[in-house]
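Dear colleague,

I am handing over the structure we spoke about, and you will find it just below. My notes on what was found in it follow.

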Amino acid sequence: MAAILNRKLIMEMKYNVDALQKLTDTLFMSHPHHVIYAAPKQKLSFKDESCSYVYILTKGMVDIRRNSDGVIIFTTKGKALLGLESIFTGLYFHHLTCVTESQIIAIDRLAALDLFNAKNSWQAVSVILSQAAEYHYRRDSMVSGCTTYDIIRNHLEMIWSYPEEDRVNISVFDFILNRTRISRSSLNKVLKDLTLGGYIYLRRGRLINVVKIPKSY
């Protein structure tokens, strides 16, 4: 059970509540800032032609995807603070894709930097960035140096750790293919073999039951 709970943390980014509250309270002092009402599947960049942003996700759920290949790095729900990793450089390697209807507050990156200096908020910033770094290390441990089967098994356990009301809406194929570089044919073969072996049960591409997923293939 402990291993599955750890993987749940990897799948969905969590934040230190106190640090997050302090930083969002500070950022709400910024003028101007604007609110984005985003639809499902809408893509949002962290910068436009004139400005780069720190985002506060207040409602909804978003995926953070790599710009280079669109792979999902993590998923998070409101309230969340996004874009801090690039607050000094203004260089962004990720973008947002909304999973649900979402409300996002966009704050100028340089204005956020000034506010953090003025309000001496750097300890809270460090807490959030430390959590983000830990998340990335954990995610890398699941996909780097692993076999194709290891990666599929890890992601199946991640899906199974979700509450049932969320899990029934997750397509196993979409979930794994969007988060890895595994081919559809390889994924299909492993899922078929696990199903035939009685280790998992799928219905219309949803994970309905897990008996026991073997450690090796």
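**A residue in strand S8**

Leaving out residues up to four places away in sequence, Ile-104 touches His-34, Val-35, Ile-36, Leu-44, Tyr-55, Ile-56, Leu-57, Thr-58, Val-62, Leu-96 and Cys-98, where contact means heavy atoms within 4.5 Å. Ile-104 is found in strand S8; helices (H or I, at least four residues) and strands (E, at least two) are DSSP runs, numbered from the N terminus. Ile-104 counts as buried because its relative accessibility is 1%, given that buried means under 20% relative accessible area, exposed over 50%, and partly exposed in between, with a 1.4 Å probe and protein chains only. Ile-104 and Leu-82 are 22 residues apart in sequence, and their C-alpha atoms are 10.0 Å apart in space.

Before the rest, a word on the basis of these notes. This is a predicted model, in which local features need pLDDT of at least 70 and side-chain atom pairs count only at pLDDT 80 or more, whereas totals for chains, interfaces and linings use all residues. Residues are numbered from 1 along each chain as its sequence is written, and side-chain values use heavy atoms, with hydrogens and water left out.

**The chain as a whole**

The protein chain has eight helices and ten strands, and its C-alpha trace spans about 60 × 30 × 30 Å along the principal axes. A compact globule of 217 residues would have a radius of gyration near 17 Å, and the 19 Å of the protein chain agrees with this; the radius is taken over C-alpha atoms, and the globule rule is 2.2 Å times the number of residues to the power 0.38. Of the 217 residues, 47% count as buried. Among contacts between residues at least 6 apart in sequence, 73% join residues at least 24 apart.

The accessible surface of the protein chain comes to about 11,600 Å², and 52% of this belongs to carbon and sulfur atoms; such areas come from the Shrake-Rupley method with a 1.4 Å probe, and for residues only the protein chains shown count as cover. The mean positions of the 28 positive and 20 negative charges are 6 Å apart. For that count Lys and Arg are positive and Asp and Glu negative, while His and the chain ends are not counted, and the place of a charge is taken as NZ of Lys, CZ of Arg, CG of Asp or CD of Glu.

**Two domains**

The domain assignment gives domain 1 (17–142) and domain 2 (148–210), with bounds that come from an automatic or database domain assignment. The C-alpha centres of domain 1 and domain 2 lie 29 Å apart, and eleven residues of domain 1 are in contact with eight residues of domain 2.

**Helix H5**

His-155 lies in helix H5, which covers residues 148–160, and Arg-153 is found in helix H5 as well. His-155 counts as buried because its relative accessibility is 4%, and Arg-153 counts as buried at 13%. Setting aside residues up to four places away in sequence, His-155 touches Val-143, Phe-175, Ile-176, Arg-179 and Thr-180, whereas Arg-153 touches Ile-213, Pro-214 and Lys-215.

**Loops and backbone geometry**

Thr-100 lies in the loop between strand S7 (94–98) and strand S8 (102–108) and is partly exposed, with a relative accessible area of 32%. Leaving aside neighbours within four places in sequence, Thr-100 is in contact with Ala-38, Ala-39, Pro-40, Gly-60 and Met-61. Thr-100 and Gln-42 are 58 residues apart in sequence and 9.1 Å apart in space, C-alpha to C-alpha.

Most residues other than glycine have a negative phi, and most peptide bonds are trans. Lys-41, although not a glycine, has a positive phi of about 75°; Lys-41 is found in the loop between strand S1 (33–38) and strand S2 (43–44) and is exposed, with a relative accessible area of 73%. Asn-120, also not a glycine, has a positive phi of about 50°; Asn-120 lies in the loop between helix H3 (109–118) and helix H4 (122–143) and is exposed, with a relative accessible area of 60%. The peptide bond from Gly-78 to Lys-79 is cis, with omega near 10°, and Lys-79 lies in the loop between strand S5 (72–77) and strand S6 (80–82).
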